[in-house]
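These are my notebook entries on a few features that I looked up in one protein model. I record each item in the order in which I examined it.

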Amino acid sequence: MKYDFLIVGTGLSGATFAREMTNSGKKCLVIDRRKTMGGNVYTEKIAGIHTHMYGPHIFNTNSPMLWGYVNNFTPFNDYRHRVKCSQGGTLYSFPINLNTLEELWGDVDQDLLRKLNTEPKAGFENLEEYAIENLGEEIYRKFIYGYTKKQWGKEPRNLPALIISRIPIRKNRNDDYHKCIYSGVPKDGYSKLIENMLDGIEIRLDVDYLKKRDYWDGMAKVVVYTGPIDEFFNYAHGDLDWRSLRFDHEVKQAEWLQAVAQINYTDEEIKYTRTIEHKHFYKNINTPQTVITTEYPQEYNRGQEKYYPVNDTQNTFVYSQYKKMIDVSKYIFIGRLATYKYYNMDQAIAAALKVCNKIKDNI
């Protein structure tokens, strides 16, 4: 066999694995069915602005090691993510904080503050129960219900609570979307990060591994797969549920259009969920135009891109059936699609590094 490892996918998980194994003296080949590298973190320069083509990606972590790891490949800035929420034509501070409550109710007394649980109670069977208990009925209806129903295509009472548990709740004026110590985006875009991570490694793009699986399997001792696990096994246990997205990118003849990088739209009748103005991710950028991305949630059908796993009880069970089918002597499954997990970027890299370290210990 020509290679030690065939890595299927050039996203963060695949790039991390390929880099670490190459640094350990192993010969790697990386392939991807897209014509571009980077998976969903791929960025493209439009009107002089590094544009996040598959939704906003802000790298945030509490780990000095992981922050140092990505900065080894390309310098990151210190961007902190700010979001506003549009409801009924009014913009509110988001995530929920004291500013939001004052914008909603005016003066806020202690009785109102006590309605919010900054350390949310757990143990709820569905998202709606979790949100009403921790946020109250009014906040849930205004800021959570419509957005969630659009995003997931289901009534919130039919979704697991863990989906919303990622959103922070605050009784101070901190409107930083992420709680992490370290936060930023690559100064030269995520495509430069991936390019540098894969520097010196053989890469083949526009290649569909699953269409010639026997051929590609014969190229390497071990295959590292980062694609959808249900597709890998030809849907033997049925389709896992995913949500898909559509992104409309527009160049606008204006220096700025939004006060912050991201505006969420919670009204159910507005079909998109958020708009992104990419210039906000970079300091001291001076261009006469701006790029706005409008994000539309979509029902997933085979052949579309998969973005969000629906980690409810049924899908978790189906995934467990697929996991039992993996031949661990030949295949390693890493990444969001292959492990059916809603990873943040730092979590995806950390999981890939953990697998790499286990392999290195046995070399």
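**Entry 1: helices α1 and α12**

I began with helix α1, residues 12-23, and helix α12, residues 345-361, in this predicted model. Their axes come within 9 Å and cross at roughly 30°. Because an angle under 35 degrees counts as roughly parallel, I recorded α1 as roughly parallel to α12. I noted the crossing of α1 past α12 as right-handed.

I then looked up which residues meet. From α1 these are Leu12, Ser13, Thr16, Phe17, Glu20 and Met21. From α12 they are Met345, Ala348, Ile349, Ala352, Leu353, Val355, Cys356, Ile359 and Lys360. Sorted by class, this contact has eleven nonpolar, two polar and two charged residues.

**Entry 2: the second largest pocket**

Next I turned to empty space. Rolling a probe the size of a water molecule over the atoms shows where such space is left. For the second largest pocket I noted a volume of about 290 Å³. Its lining consists of 14 residues, and Tyr319, Lys323, Phe333, Thr339 and Val355 lie nearest the centre. I had already listed Val355 of α12 in the contact with α1.

Which elements give two or more residues to this lining? I found α10 (313-323), β16 (331-333) and α12. The strand β16 gives the most, with three residues. By class, the lining divides into ten nonpolar, two polar and two charged residues.

**Entry 3: helices α3 and α6**

I looked up a second pair of helices, α3 (residues 98-105) and α6 (residues 137-152). Their axes come within 13 Å and cross at roughly 95°. Since angles of 65 to 115 degrees count as roughly perpendicular, α3 and α6 are roughly perpendicular to each other.

On the α3 side, the contact is made by Thr100, Leu101, Leu104 and Trp105. On the α6 side, Glu138, Ile139, Lys142 and Phe143 take part. I counted this contact by class as five nonpolar, one polar and two charged residues.

**Entry 4: two backbone details**

Lastly I checked the backbone. Most residues other than glycine have a negative phi, and most peptide bonds are trans.

Where is proline 95 found? I located proline 95 in the loop between β7 (90-94) and α3. A cis peptide bond joins phenylalanine 94 to proline 95, with omega about 5°.

Tyrosine 235 is not a glycine, yet I noted for it a positive phi of about 55°. Tyrosine 235 has its place in the loop between α9 (229-232) and β11 (242-252).

How values were computed: Residues numbered from 1 in each chain as written. Predicted model: local features only at pLDDT ≥ 70, side-chain atom pairs only at ≥ 80, totals over all residues. Heavy atoms only, no water. Axes fitted to C-alpha atoms, helices over the stretch in contact; angles between N-to-C directions. Helix = DSSP H or I, 4+ residues; strand = E, 2+ residues; numbered from the N terminus. Parallel < 35°, antiparallel > 145°, perpendicular 65-115°, else oblique. Left-handed = near helix turned anticlockwise from the far one by under 90°. Contact = heavy atoms within 4.5 Å. Nonpolar A, V, L, I, M, F, W, Y, C, P; charged D, E, K, R; others polar. 1 Å grid on protein atoms, 1.4 Å probe; cavity = no way out; pocket = protein on both sides within 12 Å on 5 of 7 lines; lining within 4 Å. Points joined across faces, edges and corners; volume = space filled by probe spheres on them.
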